Amino acid sequence: MNSVKERMIAPEEIRRQKEIMAYVRDIISRTEGGRKAFIETYGCQQNVSDSETISGMLCDMGYTITKDKQEADFIIYNTCAVRENAELKVYGNLGALKHLKTKKPNLIIAVCGCMMQQESVKEQIRKKYKHIDIVFGTHSLYRFPEILSKVVTDGGRVFDVVSSDGAIAEDLPVKREEGPCAWVSVMYGCNNFCSYCIVPYVRGRERSRRKEYILDDVKELALKGCKEITLLGQNVNSYGNDLEEDIDFADLLEMVCTVDGIERVRFMTSHPKDISDKLIDTMARESKICKQLHLPVQAGNDRVLKTMNRKYTKASYLEKIRKIKEKMPGITLTTDIIVGFPGETTEEFEDTLEVLREVRYDTIFSFIYSRRPGTPAAKMEDVISPEEKKKNFDRLLEVQDVISKEKNLELQGKVVTVLTEGKSKNNDLFLAGRTEGGKTVNFQGDDSLIGQFVQVEITEAKTWSLTGRVVD
Ligand code: SF4
């Protein structure tokens with residue numbers, strides 16, 4: 001691994017991008033009616049975080065952000081390569097923009113993110129989607145001002161996709177969604193090469209941000225009124241492994257907890273093989289760290305786990321869960337599960353159901369395996385039919401639905417502390433916030449409660465939702 005200094009984008013380069021931003025800002029300030037930008041994000045929180053940087057750079061360049069694609073002068077899709085379905089949706093959306101571009105020839109359309117890191121995707125867009133002006137990959141994000149400025153000033157198309165182990169760009173403008181909760185990236189990339197996963201190929205190797213930058217971000221957010229921070233990384237438990245300084249993720253968590261104004265700290269994602277006793281103890285000890293853990297198991301069968309290159313067994317995973325529950329009784333546990341991994345038999349799938357029954361997760365995020373070209377698993381053979389995979393998937397949901405409902409029912413009648421995040425997504429008359437365990441609660445209340453901690457009695461617990469009423 002290169003030294004931290006070598007992995008940082010040089011400050012002179014960031015300054016150069018900022019000069020370009022000022023140059024574009026000048027052009028836009030002289031454009032009648034200004035310029036509007038529309039951003040659509042697919043995939044994980046890392047993409048959401050990248051989109052916040054894109055949004056920050058666009059605002060710095062004089063754009064205002066709109067939620068209406070039709071009125072936008074600039075449209076950007078930040079894409080995900082983890083599942084085929086999301087890719088197909090992107091192609092569909094890009095195709096549909098052809099009509100808008102014909103109506104508005106000055107419209108600039110860009111597409112970026114993990115999907116673009118794949119050569120075949122880039123070439124398909126070059127040849128078949130000629131109305132797309134800009135394509136850039138994950139490693140070119142910091143160069144976005146330069147890329148956009150080329151198209152704004154000279155027209156034409158720009159394709160900027162490089163393969164790289166990845167670097168870290170600090171000090172770029174970021175525009176976050178307003179509210180009491182924010183995400184802060186602590187590291188990028190992944191070294192694990194799980195056999196089904198495209199992430200290490202499109203996001204590069206693990207690289208940790210220096211703690212000073214992370215703490216500066218957290219302090220700035222606290223000053224703006226943010227109360228809850230989620231620390232983000234593909235595998236946060238490896239934080240610090242590549243830094244010269246002797247620091248690990250548990251140390252970093254403790255430092256974040258010392259920031260005044262921050263009252264809740266969450267993190268994701270953790271790899272089960274790397275979750276240490278030190279981290280479990282720190283979580284248990286530190287009251288600001290939410291007692292919530294997302295620990296992706298993916299499958300319950302040892303042979304399948306080995307083929308997935310997950311580097312733990314069902315027994316060692318369950319042993320970690322036992323320790324976690326012992327130190328933090330009542331912790332909210334969630335997981336990711338892949339059903340129908342190549343070679344997985346229905347008998348082997350039964351082990352996954354056993355894990356579900358034993359751990360009793362509050363929620364699971366489950367998917368039928370999606371073949372990702374370029375990964376080792378893409379070449380592996382299936383032994384069961386798609387219909388059987390679907391049957392297993394339905395059984396998984398059946399088992400989990402019962403557990404999720406039972407877990408939510410445990411909260412019925414109880415009073416929980418909720419951080420009010422805003423209006424409920426499903427009903428404008430309700431507010432929504434999350435418990436310490438990360439469960440969303442809908443309740444009626446005044447908008448003045450947004451950003452506040454409130455005590456809410458749970459009056460109705462369903463499989464997927466909690467409703468409550470504010471109590472004194
Ligand atoms: S740990 Fe595995 S699943 Fe997670 S990002 Fe890395 S390679 Fe992908």
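## Asking how we know

Modeller: Let's start with strand β13 (residues 332–339), which runs parallel to β12 and is joined to it by 3 bridges.

Biologist: Before we go on, what kind of model is this, and how are its residues numbered?

Modeller: This is a predicted model, in which local features need pLDDT of at least 70 and side-chain atom pairs count only at pLDDT 80 or more, while totals for chains, interfaces and linings use all residues. Residues are numbered from 1 along each chain as its sequence is written.

Biologist: Thanks! Why are β12 and β13 called a pair?

Modeller: Two strands pair if DSSP finds at least two bridges between them. Here there are 3 bridges, so β12 and β13 pair. Within this pair, H294 stands opposite T334 of β13.

Biologist: What makes β12 and β14 edge strands, and which sheet holds them?

Modeller: The sheet is open, has 3 strands in the order β12-β13-β14, and its pairing is parallel. β12 (292–294) and β14 (363–368) each pair on one side only, which puts them at the edges. From one strand to the next, the twist averages 10°.

Biologist: Which helix packs on this sheet, and how is its direction compared with that of β14?

Modeller: That is α14 (residues 386–409), which touches β13 and β14 and makes about 175° with the direction of β14. Axes are lines fitted to C-alpha atoms, for helices over the stretch in contact, and angles between N-to-C directions run from 0 to 180 degrees.

Biologist: Why is G374 called partly exposed?

Modeller: A residue with 20 or more other C-beta atoms within 10 Å of its own is buried, one with 12 or fewer is exposed, and partly exposed lies in between, with C-beta atoms placed from the backbone. G374 has 14, so it counts as partly exposed. You can find G374 in the loop between β14 and α14.

Biologist: What does G374 touch, leaving aside neighbours within four places in sequence?

Modeller: G374 is in contact with Q118, I198 and Y201; contact needs C-beta atoms, placed from the backbone, within 7 Å. I198 is 176 residues away in sequence, yet the C-alpha atoms of I198 and G374 are 7.5 Å apart.

Biologist: And R360: is that residue buried, exposed or partly exposed?

Modeller: R360 has 15 C-beta neighbours inside 10 Å, so it counts as partly exposed. R360 sits in the loop between α13 (346–359) and β14. Its phi is near 55°, a positive value in a residue other than glycine.

Biologist: How do you know which residues surround the ligand?

Modeller: A residue is near a molecule if its C-beta atom, placed from the backbone, lies within 6 Å of it. Those around the ligand include C190, C194, C197 and H271. The shell divides into 6 nonpolar, 4 polar and no charged residues. Nonpolar means Ala, Val, Leu, Ile, Met, Phe, Trp, Tyr, Cys and Pro; charged means Asp, Glu, Lys and Arg; the others, Gly among them, are polar.

Biologist: Which strands make up the closed barrel?

Modeller: Its 5 strands run β15-β16-β17-β19-β18, with mixed pairing. The twist there averages 55° from one strand to the next. β15 (residues 415–423) and β16 (residues 431–434) are antiparallel and joined by 4 bridges, and T420 stands opposite G433 of β16.

Methods:
Helices (H or I, at least four residues) and strands (E, at least two) are DSSP runs, numbered from the N terminus. Two residues are in contact if their C-beta atoms, placed from the backbone, lie within 7 Å.
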